[in-house]
Amino acid sequence: MRVLMLSMLLIFTTTHSFATENNMSDTNTKVKLTTSLGEVVIQLNSEKAPISAANFLNYVNEGFYNGTIFHRIIPDFMAQGGGFDTKFNQKEVHAPIKNEADNGLKNTRGTLAMARTNAPDSATAQFFINYKDNSFLNHTGKNASGWGYAVFGEVIEGMDVVDAMAKQATGNRGGHSDVPKTDIVIEKAEVLK
């Protein structure tokens, strides 16, 4: 009887430990973006994208995103934000981070990825939310055309708000195209406890 109970305890402990270690949804940080169109809740994937998630959290905790706008919205593609204030001034950022696009996460509908220039390791504060599965943005190789864009989280609440952004009229502003004519403001970005 003791051997049976000990075996059952060992199985429970091993199973419980494995489930806890692999159930990252309970341990990953959630961030709420309160926008002028409603709230969006994001779950970060700090397991597969530790650098990008920590970078995003750093900007959130500093209050960097408060008062920034979604400055580039292309329906059926993506919504980009996190770099410009409501006067369309680009905000000062920290040093660029390493591109983690080879982390296995894909640019699918509702995921967040780091925006960057043509240089692979140039991402700072700007991010985008995918409106659809954008497989051409995924990592395919460590070369100029294959680096891809690092996914580091996903929208878990408020995708309807993100979809509403795509219905706003856009135009040109400050040398940029696809800019919403009415500001879509991130009023507050905060970590959910």
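Residues are numbered from 1 along each chain as its sequence is written, and side-chain values use heavy atoms, with hydrogens and water left out. Because the model is predicted, local features need pLDDT of at least 70 and side-chain atom pairs count only at pLDDT 80 or more, while totals for chains, interfaces and linings use all residues.

**Exercise 1.** Determine how many helices and strands the chain has, and what the strands form.

Solution. Start with the count, which comes to 3 helices and 10 strands, where helices (H or I, at least four residues) and strands (E, at least two) are DSSP runs numbered from the N terminus. Next, follow the pairing (at least two DSSP bridges between two strands): a closed barrel of 8 strands runs β1-β2-β7-β5-β6-β4-β3-β10, and its pairing is antiparallel.

**Exercise 2.** Decide whether Ile69 is buried or exposed, and name some of the residues it touches.

Solution. The relative accessible area of Ile69 is 1%, so Ile69 is buried, a term that means under 20% with a 1.4 Å probe and protein chains only. Then look for contacts (heavy atoms within 4.5 Å): leaving aside residues up to four places away in sequence, Ile69 touches several residues, among them Phe84, Asp85, Arg173 and Ile184.

Definitions and conventions. Buried means under 20% relative accessible area, exposed over 50%, partly exposed in between (1.4 Å probe, protein chains only).
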